[in-house]
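Open your viewer, switch to a cartoon view and colour by chain. We will go from stop to stop, and at each one I will tell you what to select.

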Amino acid sequence: MSTLLDPFQLPFMQRAALEIVLLAPIAGVLGAQIVLRRLAFFTHGVGTATFPGLVVAGPAGLPPTLAALGAGFLFAAGLERLSRLARIAYDAATALLLVAALAIGIVLASDVFESGSEVDQLLFGTLLAIGPDELELTGAALALVAAAALAFRRSWVAGGFDAEGGRALGLRVALADAALLAVIGVAAVSAIDAVGALLVSAVLVIPAATARLFATSVRSLELLAAAIALVEGLVGLTVAYQLDVPPGAAIAVLGGAGFALCALLQVALRAGPTYGDAS
Amino acid sequence: MLDALIDPFRQGIGQRALIEVIVLGLACGPLGAWVLLYRQSYAAESIAHAMLPGLVVASLAGLPLTLGAGAGLVVAAVAIVFASRVARVGADVAVAVVVTAMLATGALLALSPDVPARLGELLFGDPLSVTSGEILVSALLTAGVLIALGARHRDLALAGFDPATAPSLGAAPGRVELTLLVLLAVTTLIAVQALGNLLVVAIVIAPGAAALRVASRLIAVLALSAGLAVLAGVGGLYLSHYVNVAAGAAIALVAIALFALSLPVGPHLGIVRGRRRSPVETIGARA
Amino acid sequence: MSAAPLLEVEGVAAGYRPGVHAVEDLNFAVMPGRLVAVLGPNGGGKTSLLRALLGELPERRGRIRARGRIAYVPQTERSRLDYPVSALDVVLMGTYAELPWYRRVGTAQRRIAADALGRVGLADSASTGFGALSGGQRQRVLIARAVAQQAEILLLDEPLSGVDRASAQRVMAVLRELRDDGRALLVATHDIQQAREFDAVLCLNRAQVAFGEPAPTLTAEVLERTYGAELIVLDGGRRAVVVQHHEH
């Protein structure tokens with residue numbers, strides 16, 4: 001038992017654990033909306049799009065989070081422009097912008113850094129990167145998500161159920177939705193330090209997808225997703241420390257395994273005799 | 001001038017790379033146009049990621065990479081179908097869960113310090129590293145993809161245009177869509193070696209997206225898409241040779257640039273009707 | 001006119017799930033050269049009937065006998081406008097089922113498709129992009145595709161809704177011409193006034209309510225059984241108005 005907790009004596013592990021504690025409620029509130037409103041690809045895209053920002057930040061002397069936010073914002077703005085003005089299907093636009101961001105990042109990285117190990121860290125996360133600044137950012141992201149949820153959560157739920165109906169109810173669905181995309185972008189940037197640009201979904205999508213298997217209301221979906229994110233995050237950190245692998249990869253693999261287990265469990269429960277026929 | 005054009009391909013490495021990008025452009029271009037028409041871009045983007053653990057295992061075990069990638073694809077396909085059908089989360093969430101987990105598995109295998117694998121190459125690819133044997137495999141697979149696209153052309157056209165009527169016109173939409181996904185998997189297999197599993201989607205989607213903006217007939221779209229994909233591959237090799245950037249990334253960038261050039265031209269098509277959508281409705285995946 | 005009906009339906013019930021029939025008690029026959037309106041409220045089983053005739057419903061009971069090929073014309077409101085095809089390309093799709101995959105689309109198919117486009121009055125628009133046509137024109141292109149299938153029996157799903165009055169009249173004229181060639185046409189509609197212009201009318205409300213010539217069939221009693229509470233009868237039964245509840 002003590003060997004499991006030992007790593008958390010170390011300051012950098014304590015910071016990493018605190019980071020997970022701050023991310024968990026974000027994973028709950030936003031993860032629920034991402035899963036309910038089919039924003040998984042957007043989340044993956046906006047997370048990945050921060051990669052070139054992170055690459056240039058170091059040499060350009062910019063704070064990495066600011067550069068990542070900038071890149072994420074460019075991604076979202078480009079997506080909006082391509083799908084609304086140029087009338088490209090949203091999924092094609094997402095794929096194009098995402099791969100453009102990756103390619104630019106790689107070209108910049110091969111020019112700026114000689115070794116590939118930095119790139120691996122940016123893409124899959126690192127335990128050492130989480131300093132006080134990163135914790136402050138994640139804390140600010142949490143506050144922002146909480147404020148947005150207070151203001152818009154009702155519109156998110158109503159608009160997700162039925163946009164026309166939401167408008168008819170007098171809710172400002174468009175404004176609320178724009179705010180939702182913006183806070184997902186901020187949340188993705190804040191999650192990158194822990195899990196890396198490629199694996200943002202490990203925090204923002206997988207816990208909520210797992211919770212979705214059992215949740216019966218939006219509220220229970222949020223709570224359960226946050227709890228799952230917390231457990232998977234902390235266990236993932238320990239595994240990453242013990243095996244000396246990137247924490248993002250460990251958390252994502254745990255999340256995938258957890259989802260598979262829960263899905264099998266849920267299917268087994270559903271197949272029970274009380275459920276009746278297929279209709 | 002001529003010298004500058006020939007220079008990158010004076011040696012065997014460059015010549016093999018040239019043949020490889022032409023071969024894979026011929027498969028990726030037309031397939032990409034269909035992927036866009038069937039709104040399968042997310043599948044195209046993610047299916048390549050799912051290959052990573054297979055690629056890593058194959059490279060550790062000294063097996064052909066194609067074999068490992070193929071195995072990764074099969075596992076991913078089964079897992080996605082299980083998650084979306086059996087566990088009944090949405091299709092996009094199912095893809096996100098499975099692909100994130102598989103990408104991470106690959107990274108774990110490759111980055112754990114005991115294992116010296118070339119993760120960078122598997123992630124980003126290198127057309128300059130292909131061998132003659134690999135080109136032969138690519139050429140055979142490309143021929144297979146093109147023959148299948150030709151043979152199934154009318155079914156693809158029917159089921160993509162209106163799935164509801166397609167059965168009475170002789171095409172079963174479910175079977176057609178499955179065919180498309182299998183061909184997408186095979187094509188990804190061809191392209192992953194040169195472009196790596198993060199960048200494959202560029203040469204699948206970008207030429208098709210550009211062709212769909214410029215041409216207004218199916219055959220023209222497919223031919224133009226193939227041409228643009230080959231152009232992106234060859235252009236990328238030049239860019240990589242003269243500017244000295246990674247060849248895979250250069251090809252992806254040229255493909256995206258070709259798409260960007262098409263933006264002022266189109267669209268001929270796609271009169272958007274209906275009510276105004278909120279940002280999430282525009283961006284969120286539809287079933 | 002030949003004696004045998006093109007389409008015979010006896011005791012048919014059909015649905016999407018085991019034990020649940022979307023439409024039942026179907027008994028009717030359609031002779032060649034007849035234009036039949038399929039009348040009923042939304043959710044009354046019009047589309048289910050058409051799909052059952054196409055053999056696309058998993059659950060089916062009874063006997064359907066078709067002496068000729070059946071073609072289906074979908075609602076144009078559902079068509080994709082972002083698809084890179086011309087009007088002629090869409091009509092050519094009607095010839096695909098008969099063409100083995102290894103044979104190319106040749107002059108014979110092109111002639112069939114061009115003739116079909118001519119039949120619906122769109123010969124001049126052959127190379128126009130499908131998405132650039134008006135709603136009524138798109139509907140006629142889809143009808144031409146069914147003609148190119150060389151089908152004797154045409155099933156049309158609400159071809160007259162979603163287009164303006166002038167276009168609806170042109171579509172109607174095309175349907176009459178196709179009837180005069182000896183085809184049998186089943187046209188789903190929820191417009192009672194429109195149905196009065198047909199040769200026969202089949203009233204559906206989850207089950208067959210009535211079948212026959214419009215004048216004797218469309219009585220106040222039949223209409224009330226077809227539409228239930230949605231119907232308002234005017235002029236002592238000579239006119240009727242349906243209150244449509246459109247779902248969003």
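Two residues are in contact here if their C-beta atoms, placed from the backbone, lie within 7 Å. Before the first stop, note that this is a predicted model, in which local features need pLDDT of at least 70 and side-chain atom pairs count only at pLDDT 80 or more, while totals for chains, interfaces and linings use all residues. Residues are numbered from 1 along each chain as its sequence is written, and chains are lettered from A and ligands numbered from 1 in the order in which they are written.

**Stop 1: where chains A and B meet**

Show chains A and B together. The contact draws 64 residues from chain A and 54 residues from chain B. On the chain B side, select α3 (41-49), α5 (65-86), α6 (91-111), α7 (119-124), α10 (173-214), α12 (247-262) and α13 (279-283), each of which supplies at least two residues. Helices (H or I, at least four residues) and strands (E, at least two) are DSSP runs, numbered from the N terminus. Which helix gives the most to this side of chain B? That is α6(B), with 12 residues. Now colour this side by residue class: 40 are nonpolar, 10 polar and 4 charged. In this count Ala, Val, Leu, Ile, Met, Phe, Trp, Tyr, Cys and Pro are nonpolar, Asp, Glu, Lys and Arg are charged, and the others, Gly among them, are polar.

**Stop 2: B:A48**

Stay in chain B and select B:A48, which sits in helix α3 of chain B. With 32 other C-beta atoms within 10 Å, B:A48 is buried. The cut-offs, with C-beta atoms placed from the backbone, are 20 or more other C-beta atoms within 10 Å for buried, 12 or fewer for exposed, and partly exposed in between. Leaving aside neighbours within four places in sequence, B:A48 is in contact with B:T188, B:V192, B:N197, B:V200 and B:V201.

**Stop 3: two loop residues in chain A**

Select A:R38, in the loop between α2 (11-36) and α3 (40-60) of chain A. Its phi is near 60°, a positive value in a residue other than glycine. A:R38 counts as buried, with 20 C-beta neighbours inside 10 Å.

Next, go to A:D244, in the loop between α12 (218-243) and α13 (247-270) of chain A. A:D244 is not a glycine either, yet has a positive phi of about 55°. Is A:D244 buried or exposed? A:D244 is exposed, with 11 other C-beta atoms within 10 Å.

**Stop 4: the strands of chain C**

Select β1 (residues 7-15) and β2 (residues 23-30) of chain C, an antiparallel pair with 5 bridges. Two strands pair if DSSP finds at least two bridges between them. Within this region, C:A14 stands opposite C:V23 in β2(C). β1(C) also runs antiparallel to β4 (residues 59-66) of chain C, over 7 bridges, and C:A13 stands opposite C:R61 in β4(C).

Finally, select the open sheet of 6 strands in chain C, ordered β5-β6-β7-β3-β8-β9 with mixed pairing. β5 (70-73) and β9 (208-212) stand at the edges with a single partner strand each, so one side of each has no neighbour in the sheet. β8 (residues 200-204) and β9(C) are antiparallel and joined by 4 bridges, with C:L202 opposite C:F211.
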